[in-house]
Amino acid sequence: MLGRLISDLFRNLTAGEGKSSPQAARPALENPLAEYYFNNAGRLINKWHHYFDIYHRHFSRFRGRSPVVVEIGVFHGGSLQMWHHYFGPGTRVVGIDIDPRCRKFEDKATTILIGDQRDRRFLAELRGIVPHVDIVIDDGGHTMAQQITTFEELYPHVQPDGVYLCEDIHTSLMPEYGGGYRREGTFLEYSKALVDRLYGWYSRDLTVLTVDEFTRATYALHFYDSVLVIEKRPKDPPQVSMTGTPSF
């Protein structure tokens, strides 16, 4: 599934929409992830260039803190190496893929689990095998069922100060992935509804919207081109007050 998405996207990019060389659209290399990627001599990595700013913006606080990172979609294993390099010694990376050949990438700091991200039983097993997760990166099959199921099963499992990132959500606009513009049941439409749940504190109609665990656990949702990042942080009910002297 990932291979089909990659081939489709690269075919579109090279079919008259600006046939630029890989050098042409490189972001500035003050970003350590971009610098690693564009100097990569290790295993194959495939990424949209604008993702690196998003990654660094939300992941930089975990550098040097030995995080546990779950990446769904191993591909050729290059991103596993990239995350170890970026986060530093002590990092634990768990790669999830349906291709059993990916087991070859397992080492002392990397766990590879083979399974289908649409399978809730498999994801439940994952939670048991990996009880502590700081970051989830969903770069798997990119279908609507896969993205929604993975979010529902793994987001509650992420640590209270962790990050959940789903990428390539432009597939929500692509019929071959179950998408379509404003089509009901896409991950994009599903995630738009998460904004309402973030604001559950202020609902006046508790029959349609109330405070739930997502409201209590979520600090912010960040929508980018093709990427949704959700930051977790335990929240108490919002408080408001006034200070200072009245002017009239």
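Reader: Which side chain does Lys 47 join through a polar contact of 3.0 Å?
Author: That of Tyr 55. Keep in mind that this is a predicted model.

Reader: What about Asp 139, how does the side chain of Lys 47 meet it?
Author: Through a polar contact between the two side chains, at 3.3 Å.

Reader: Where does Lys 47 lie?
Author: In the loop between helix 2 (32–38) and helix 3 (51–59).

Reader: Buried or exposed, that Lys 47?
Author: Lys 47 counts as buried because its relative accessible area is 7%, and the cut-off is under 20%. Among the residues that Lys 47 touches are Tyr 37, Phe 52, Glu 71 and Glu 167.

Reader: Switching to helices. At what angle do the axes of helix 5 and helix 6 cross?
Author: Roughly 35°, and the axes come within 10 Å. The crossing is right-handed.

Reader: Which residues of helix 5 meet helix 6?
Author: Arg 120, Leu 123, Leu 126 and Arg 127. On the helix 6 side are Thr 149, Thr 150, Glu 152, Glu 153 and Leu 154. By class, that contact has three nonpolar, two polar and four charged residues.

Reader: Now the largest nonpolar core. Which residues touch the most other members?
Author: Leu 126, Tyr 164 and Ile 230, out of 30 residues.

Reader: Which element gives the most to this core?
Author: Helix 6, with four residues.

Reader: And what does Ile 230 touch?
Author: Its contacts include Phe 151, Tyr 155, Tyr 164, Leu 194 and Phe 214. Another core, of 29 residues, lies apart from the largest one. Cys 102, Val 163, Leu 165 and Val 227 are among its members.

Conventions. Residues are numbered from 1 along each chain as its sequence is written. This is a predicted model: local features need pLDDT of at least 70, side-chain atom pairs count only at pLDDT 80 or more; totals for chains, interfaces and linings use all residues. Side-chain values use heavy atoms; hydrogens and water are left out. Axes are lines fitted to C-alpha atoms, for helices over the stretch in contact, and angles run from 0 to 180 degrees between N-to-C directions. Helices (H or I, at least four residues) and strands (E, at least two) are DSSP runs, numbered from the N terminus. A crossing is left-handed if the near helix is turned anticlockwise from the far one by less than a right angle, and right-handed if clockwise. Contact means heavy atoms within 4.5 Å. Ala, Val, Leu, Ile, Met, Phe, Trp, Tyr, Cys and Pro count as nonpolar, Asp, Glu, Lys and Arg as charged, and the others, Gly among them, as polar. A nonpolar core is a set of buried Ala, Val, Leu, Ile, Met, Phe, Trp, Tyr and Cys residues joined through side-chain atoms within 4.5 Å. Buried means under 20% relative accessible area, exposed over 50%, partly exposed in between (1.4 Å probe, protein chains only). A polar contact is a pair of N or O atoms within 3.5 Å; within protein, one must be able to donate a hydrogen and the other to accept it, and residues adjacent in sequence count only if both atoms are side-chain atoms. Lists of a residue's contacts leave out its neighbours within four places in sequence.
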